[in-house]
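Hi everyone, thanks for coming.

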Amino acid sequence: MPPPSEQAAGQTGEQARRAGEQAGRAGDSAPAPWLVVIDMQRAFAEPGSAWSVPRYAQIEPVIDALCERFAGRTVHTRFVPDPAEPGQWARYYDRWSTMRRPPGSPLWGLTRQLPDGAPVVSLPTFGKWGEELAALTAGAPLVLCGVATDCCVLATALAAADAGRAVTVVADACAGADDRSHGDTLRLLGLLSPMVEVAGARSLTGAGEAAPRQ
């Protein structure tokens with residue numbers, strides 16, 4: 001797989017803020033949804049990795065199609081460890097010692113080739129919701145996909161919902177540590193409707209939101 005765009009990965013918070021403001025000025029109606037592609041990285045793609053996600057390759061074409069559909073309204077995220085390992089993170093990396101890699105390790109690279117200037121949010125936490133993602137998406141509904149359903153996707157969805165954002169998790173564009181964990185997490189998220197909706201990629205409406213329940 002090609003390496004991530006270094007220019008994209010280096011986008012500043014100020015650039016993210018301006019991009020979000022521009023999206024929010026599209027009109028008086030509610031802003032169009034943004035796609036958030038969570039942690040599609042070598043650390044989760046490579047079979048030999050301790051954090052390998054078994055169905056990673058299976059969801060890649062679904063995510064590719066979503067990215068085409070959301071062109072210009074897509075944010076990628078990366079999990080990048082904090083070398084300081086604050087608090088319980090030190091014990092976490094004691095458990096997963098083979099993943100104790102520096103932030104610049106190729107393991108943390110994205111497996112998708114991004115257009116120059118495409119926004120990338122890199123954080124040392126499971127959840128990717130925060131000031132940068134909030135500014136980029138400027139109050140818009142969020143459509144989440146990526147890995148792992150039972151970790152970073154879940155953490156991002158809950159934090160964004162707590163902040164009041166409408167969240168849709170695309171079930172067939174996510175993959176978990178295993179099938180059971182994936183399914184259990186989707187059922188849990190489904191209990192949070194209407195703050196969090198779970199939908200298939202084909203059931204999204206033209207606006208990128210989940211179709212209303214009948």
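This is a predicted model: local features need pLDDT of at least 70, side-chain atom pairs count only at pLDDT 80 or more; totals for chains, interfaces and linings use all residues.

The chain holds 8 helices and 6 strands. Reading from the N terminus, the order of elements is α-α-β-α-α-β-α-β-α-β-α-β-α-β. There are 214 residues, and 44% of them count as buried. If you take the contacts with a separation of 6 or more, 78% of them join residues 24 or more positions apart.

Now, the inside. In soluble globular proteins, nonpolar side chains tend to be buried together. Here the largest nonpolar core has 29 residues, and those with the most contacts inside it are Leu 35, Phe 44, Ile 63, Leu 66, Trp 108 and Val 147. Which elements each supply at least two residues of this core? They are strand 1, helix 3 (42-45), helix 4 (56-69), strand 4 and strand 5. Helix 4 gives the largest share, with 5 residues. Apart from this core there is another one, of 23 residues, including Val 75, Trp 129, Cys 174 and Leu 189.

Let's stay with Leu 35 for a moment. Setting aside neighbours within four places in sequence, Leu 35 touches Leu 66, Cys 67, Phe 70, Arg 73, Thr 74, Val 75, Val 143 and Cys 145.

On to helix 7, which spans residues 149-162. Its buried residues are Thr 149, Cys 152, Val 153, Leu 154, Thr 156, Ala 157, Ala 160 and Ala 161. And what covers them? The cover includes strand 1 (34-38), strand 4 (142-147), strand 5 (167-175), helix 8 (179-190) and strand 6 (196-199).

The axes of helices 7 and 8 come within 10 Å and cross at roughly 15 degrees. Angles under 35 degrees count as roughly parallel, so helix 7 is roughly parallel to helix 8. The crossing is right-handed. On the helix 7 side, the contact is made by Thr 149, Asp 150, Leu 154, Ala 157 and Leu 158, and on the helix 8 side by Ser 181, His 182, Thr 185, Leu 186, Leu 188 and Leu 189. By type, those residues divide into 6 nonpolar, 4 polar and 1 charged.

Last stop: just after helix 7 you'll find Gly 164, with a positive phi of about 95 degrees.

Note on methods:
Residues are numbered from 1 along each chain as its sequence is written. Side-chain values use heavy atoms; hydrogens and water are left out. Buried means under 20% relative accessible area, exposed over 50%, partly exposed in between (1.4 Å probe, protein chains only). Helices (H or I, at least four residues) and strands (E, at least two) are DSSP runs, numbered from the N terminus. Contact means heavy atoms within 4.5 Å. Axes are lines fitted to C-alpha atoms, for helices over the stretch in contact, and angles run from 0 to 180 degrees between N-to-C directions. Angles under 35 degrees count as roughly parallel, over 145 as roughly antiparallel, 65 to 115 as roughly perpendicular and the rest as oblique. A crossing is left-handed if the near helix is turned anticlockwise from the far one by less than a right angle, and right-handed if clockwise. Ala, Val, Leu, Ile, Met, Phe, Trp, Tyr, Cys and Pro count as nonpolar, Asp, Glu, Lys and Arg as charged, and the others, Gly among them, as polar. A nonpolar core is a set of buried Ala, Val, Leu, Ile, Met, Phe, Trp, Tyr and Cys residues joined through side-chain atoms within 4.5 Å.
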